[in-house]
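This report describes a single protein chain for a reader who has the sequence and the coordinates at hand.

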Amino acid sequence: MQITLDVPEDIAADLAAKGENLPRAALEALAIEEYRAQKLSTAQLRRLLGYQIRMQAHAFLKKHGVYLHYTLADLE
């Protein structure tokens, strides 16, 4: 599915001038928020962001200060 966002030109230009890859930044923001809300699993987050291995998803979450979802069974 493709999603389109309307961003005011001046804001888009400012962000792009600062080196932001706007489509990627929007995708990552969506992934982070949906993972935090427990609407995405780690595997789904990995697929959404195009990572090949789980550790890449873990590193992405750590970089953004997001804790992994662990259950008591995972801990044991």
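How many salt bridges does a search of the whole structure find? The model is a predicted one, and the search finds two salt bridges.

An α-helix has 3.6 residues a turn, so residues three or four places apart point the same way.

The table gives the relative accessible area of each partner.

| Residue | Relative accessible area | Class |
|---|---|---|
| Arginine 24 | 27% | partly exposed |
| Glutamate 28 | 18% | buried |
| Arginine 36 | 43% | partly exposed |
| Glutamate 33 | 43% | partly exposed |

Glutamate 28 counts as buried because its relative accessible area of 18% falls under the 20% cut-off. Arginine 24, at 27%, is partly exposed.

**The nonpolar core**

Which residues make up the largest nonpolar core? This core has 10 residues in all: Ala31, Ile32, Tyr35, Leu45, Leu49, Tyr51, Ala57, Phe60, Leu61 and Val66. Helix 2, helix 3 and helix 4 are the elements that give two or more residues to the core. Isoleucine 32, one of the core residues, is in contact with Phe60, His64 and Val66 when its neighbours within four places in sequence are left aside.

**Helix 3**

Helix 3 spans residues 42-49, and its buried residues are Thr42, Leu45 and Leu49. Seen down the helix axis, these buried residues fall within an arc of 60°, so they line one face of helix 3. Their cover includes helix 2 (22-36) and helix 4 (54-63). Leu45 and Leu49 are also among the members of the largest nonpolar core. After helix 3 comes glycine 50, which has a positive phi near 80°.

**Helix 4**

The buried residues of helix 4 are Ala57, His58, Phe60 and Leu61. Viewed down the axis, they fall within an arc of 160°, so they line one face of helix 4. On the other side of this helix, Met55, Lys62 and Lys63 are exposed. Helix 2 and helix 3 are included in what covers the buried residues of helix 4. Just after helix 4, glycine 65 takes a positive phi of about 70°.

Is histidine 58 buried or exposed? Histidine 58, placed in helix 4, is buried, with a relative accessible area of 18%. Not counting residues up to four places away in sequence, histidine 58 touches Thr42 and Leu68. Thr42 is itself one of the buried residues of helix 3.

**A nonpolar surface patch**

Which residues form a nonpolar patch on the surface? The patch consists of Met1, Ile3, Leu5, Val7, Ile11, Leu15, Leu30 and Leu48, which together have about 810 Å² of accessible area. One of its members, isoleucine 11, is found in helix 1 (residues 9-17). Isoleucine 11 counts as partly exposed because its relative accessibility is 40%.

**Residues in the loops**

Glutamine 38 lies in the loop between helix 2 and helix 3. Its phi is near 60°, a positive value in a residue other than glycine. Most residues other than glycine have a negative phi. Glutamine 38 is exposed, with a relative accessible area of 61%.

Tyrosine 67 is found in the loop between helix 4 and helix 5 (72-75). With a relative accessible area of 73%, tyrosine 67 is exposed. The C-alpha atoms of tyrosine 67 and aspartate 6 are separated by 31 Å, and the two residues are 61 residues apart along the chain.

How values were computed: Residues numbered from 1 in each chain as written. Predicted model: local features only at pLDDT ≥ 70, side-chain atom pairs only at ≥ 80, totals over all residues. Heavy atoms only, no water. Patch = residues over 30% accessible without salt bridge, like charges linked within 9 Å, V, L, I, M, F, W, Y side chains within 5 Å. Areas by Shrake-Rupley, 256 points an atom, 1.4 Å probe, with all protein chains shown as cover. Salt bridge = Lys/Arg side-chain N within 4 Å of Asp/Glu carboxyl O. Helix = DSSP H or I, 4+ residues; strand = E, 2+ residues; numbered from the N terminus. Buried < 20%, exposed > 50% of the residue type's maximum accessible area, 1.4 Å probe, protein only. Arc of directions from axis to C-beta. Contact = heavy atoms within 4.5 Å. Core = buried A, V, L, I, M, F, W, Y, C linked by side-chain atoms within 4.5 Å.
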